[in-house]
Amino acid sequence: MKGLNLLCCCVASLLLLSTAEEVEDASEPTKRDRSHLESTLKLNEDKPADDVSGVLQRLRKIYHSSIKPLEHSYRYNELRQHEITAYPGRTLGSSATDGEITSKPMVLFLGPWSVGKSSMINYLLGLDDTPYQLYTGAEPTTSEFTVIMHGPKLKTIEGIVMAADSARSFSPLEKFGQNFLEKLIGIEVPHKLLERVTFVDTPGIIENRKQQERGYPFNDVCQWFIDRADLIFVVFDPTKLDVGLELEMLFRQLKGRESQIRIILNKADSLATQELMRVYGALFWSLAPLINVTEPPRVYVSSFWPQEYHPDTHKDLFLKEEISLLEDLNQVIENRMENKIAFIRQHAIRVRIHALLVDRYLQTYKDKMTFFSDGELVFRDIVEDPDKFFIFKSILAKTNVSKFDLPNREAYKDFFGINPITSFKLLSQQCSYMGGCFLEKIEKAITRELPDLLGSIGLGKKPNVLSCDITGCGETPKNRYKKP
């Protein structure tokens, strides 16, 4: 009898063990094929990256020799800090360095908490089940701004170190205080995709949390990254479609950047077809008041993580949506130099217009001043009503100035409240025998040098690195032996 009981116990143990193994095998999710991701992002290509060192050297030289002198002379960055301009978008920051010019394209991930932002980065980089993967979970897991960039080996960099390193493009973040720098972290990963792009993961939006509880100006920090992002992924999932004050403020900050925004409905394979259609419509209904564009926003519907799609879902549709989003990402990477040159040229146009306006304010002030005039009262009258003195209309009379590029008039009340008009010089006085005139140099950069540099990339030419030192950027060496 004892032998029979022992045999039954052994059989039961074997059955339990085999059942546990079957359950364990069934619980292990199968991984999705990554061939489409690697082919779209060209991760398997062995060809060397494009040599853009010559282009960057010329771009830096143009900026430092033709744009930066006028920018500093008329304190353009102090105007930009007021955030009251008519043209939202990217800036070079209050402490522009070469890091701003040479930085790689930046992809910013925004959205509510636990919608899959960190999981999406892990999936794009293939970091799942590796020591490099970002921590994910159902609860709010990311409380820091995490910058994922390329490095020779896995390395974590504290925010204080990132801000102190002038070679990086993150030194302006010091202005947000030490509390924020403690919430900033950099991770270097040896990955081929990160050689061409940088990812930024942000803390999830939690609507029931007040901004002051974060300990730093969250919206201001988001604006800094938004201004510098080449592509912005705003991620949602089917369970977090409600729009609160913090998300509404975020979309207000995104105005003017609609061309860079990609809205993603993640975890789409967790719903049946009918439910997915309802959620898709609800997302449009929630976002419609926040995005003021004539065309509805493009929403990518898929599940961005390495596990296979759930059965009985639209796998083909999700795969096509994923490839379409990857193509957008690859396009930004491929056009990084063109976008950089276009951005510097746009910045130069704004600096030039600001200098023309300050010059016009100063010239009007000098014309109205007499021996018995009170300079403060005279200039206050000019600043309060610039239209009475045709300040802005005189700038628009120039053939190469658009009314859509003019800053807000209110910005100059604050600007001249900090910077007395008497501290500036007229543009006609900003000339030297050796260096030439500031205005002529920036106009040459806008009309000739930067378009020529852009054209050389489009034609597949590689500008000579040494030509800048010999002839000056944008100038073609003259053939002394050619007959006129």
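Predicted model: local features only at pLDDT ≥ 70, side-chain atom pairs only at ≥ 80, totals over all residues.
## Overall architecture

Of the 484 residues in the protein, 46% are buried.

The protein contains 18 helices and 10 strands. Among its contacts with a separation of 6 or more, 80% join residues 24 or more positions apart.

## Packing of α12 and α13

Two packed helices are described by the angle between their axes and the distance between the axes. For helix α12 (residues 315–334) and helix α13 (residues 336–368), the angle is about 60 degrees and the axes lie 4 Å apart. On the α12 side, the contact is formed by V332, I333 and E334, while α13 contributes R336, E338 and N339. Classified by residue type, the contact of α12 with α13 comprises three charged, two nonpolar and one polar residue.

## Helix α14 and its surroundings

Helix α14 spans residues 375–384, and its buried residues are G375, V378, F379, I382 and V383. Viewed down the axis of α14, these buried residues fall within an arc of 130 degrees, so they line one face of the helix.

The N-terminal end of α14 is capped by D374. In this cap, a side-chain oxygen of D374 lies 3.1 Å from the backbone nitrogen of E376.

Key
Residues numbered from 1 in each chain as written. Heavy atoms only, no water. Helix = DSSP H or I, 4+ residues; strand = E, 2+ residues; numbered from the N terminus. Buried < 20%, exposed > 50% of the residue type's maximum accessible area, 1.4 Å probe, protein only. Contact = heavy atoms within 4.5 Å. Axes fitted to C-alpha atoms, helices over the stretch in contact; angles between N-to-C directions. Nonpolar A, V, L, I, M, F, W, Y, C, P; charged D, E, K, R; others polar. Arc of directions from axis to C-beta. Polar contact = N/O pair within 3.5 Å; in protein donor to acceptor, adjacent residues only side chain to side chain.
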